[in-house]
Protein chains: 2
Amino acid sequence: MPTIVVDVMPKAELLDPQGKAVTGALNRLSSSRESGSGISEVRIGKRFELTVEGPVTEELRERVREIAADILSNSVIEDVVNIDFGDDAS
Amino acid sequence: MPTIVVDVMPKAELLDPQGKAVTGALNRLSSSRESGSGISEVRIGKRFELTVEGPVTEELRERVREIAADILSNSVIEDVVNIDFGDDAS
């Protein structure tokens, strides 16, 4: 059965405390290296893998876009940055 | 500055209660349609966007692989399913 991937990230202008915490941890853990971790920022979002029954029709694509915008993400604080319908475009 | 994306998902054999909850909600919300939501399973993972300073060198790639396995994921319950180093492979 085909799998559709929906990627949701916090809006760019929003503070991402979890991301900041991971960035700090990476730099502390890499303090032995003179260049630090080499990573200046980390942002953390959600990745949804939807297993669908049957072929990925245009109607299903439209429904997944709706579901991504309305249910899988909170449009006030998040953006749907990517929907990957996989190879099976039949 | 280049952005590297790391995707982490719960191991396939693990129960994903959040995913089950979303699957149920999708089917309840789509009960008006005779085919339901058309989505048989939802699994929820994390998506990390790492902003790196400077070019994506082989050394940095190796370091990001280490970071992904050791820090960004819990190898007992999660798998790193994808690391996208972006176009800038210089």
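**View 1. A buried pair, A:Arg47 and B:Asp7, in a predicted model.** Both A:Arg47 and B:Asp7 are buried in this predicted model. The two residues form a salt bridge, with their closest N and O atoms 3.2 Å apart. This pair crosses between chains: A:Arg47 sits in strand S2 of chain A, while B:Asp7 sits in strand S1 (residues 3-10) of chain B. Here is a handy idea to keep in mind: side chains of opposite charge can pair when their charged atoms come close.

**View 2. A:Glu49 meets B:Arg43.** Here is another salt bridge, and the closest N and O atoms of A:Glu49 and B:Arg43 are 3.2 Å apart. A:Glu49 belongs to strand S2 of chain A and B:Arg43 to strand S2 of chain B, so this pair joins two chains. Are these two residues buried or exposed? A:Glu49 is buried, and B:Arg43 is buried too.

**View 3. A network of salt bridges.** Now look for A:Asp7, A:Arg43, B:Arg47 and B:Glu49, which salt bridges link into a network. One of its links is the salt bridge between B:Glu49 and A:Arg43, where the closest N and O atoms are 3.2 Å apart. How many salt bridges are there between chain A and chain B? The count is 4, and over all chains it comes to 18.

**View 4. Two strands side by side.** S2(A) pairs with strand S2 (residues 39-52) of chain B in the antiparallel sense, over 13 bridges.

**View 5. Where chain A touches chain B.** Each chain brings residues to this contact: 34 from chain A and 34 from chain B. About 2,900 Å² is buried between them, and carbon and sulfur atoms give 56% of that area. In chain A, the residues that lose the most area to chain B are A:Arg47, A:Glu49 and A:Arg63, together 21% of what that side buries. Which element gives the most to the side of chain A that touches chain B? That is S2(A), with 14 residues. This side of chain A is made up of 16 nonpolar, 7 polar and 11 charged residues.

**View 6. A salt bridge within chain A.** A:Arg65 and A:Glu58 form a salt bridge, their closest N and O atoms being 3.7 Å apart. A:Arg65 counts as partly exposed because its relative accessibility is 33%. A:Glu58, at 51%, counts as exposed.

Definitions and conventions: Residues are numbered from 1 along each chain as its sequence is written. Chains are lettered from A and ligands numbered from 1 in the order in which they are written. This is a predicted model: local features need pLDDT of at least 70, side-chain atom pairs count only at pLDDT 80 or more; totals for chains, interfaces and linings use all residues. Side-chain values use heavy atoms; hydrogens and water are left out. Contact means heavy atoms within 4.5 Å. Buried area is the accessible area (1.4 Å probe) that two parts lose on being put together, summed over both. A salt bridge is a side-chain nitrogen of Lys or Arg within 4 Å of a carboxyl oxygen of Asp or Glu. Helices (H or I, at least four residues) and strands (E, at least two) are DSSP runs, numbered from the N terminus. Ala, Val, Leu, Ile, Met, Phe, Trp, Tyr, Cys and Pro count as nonpolar, Asp, Glu, Lys and Arg as charged, and the others, Gly among them, as polar. Two strands pair if DSSP finds at least two bridges between them. Buried means under 20% relative accessible area, exposed over 50%, partly exposed in between (1.4 Å probe, protein chains only).
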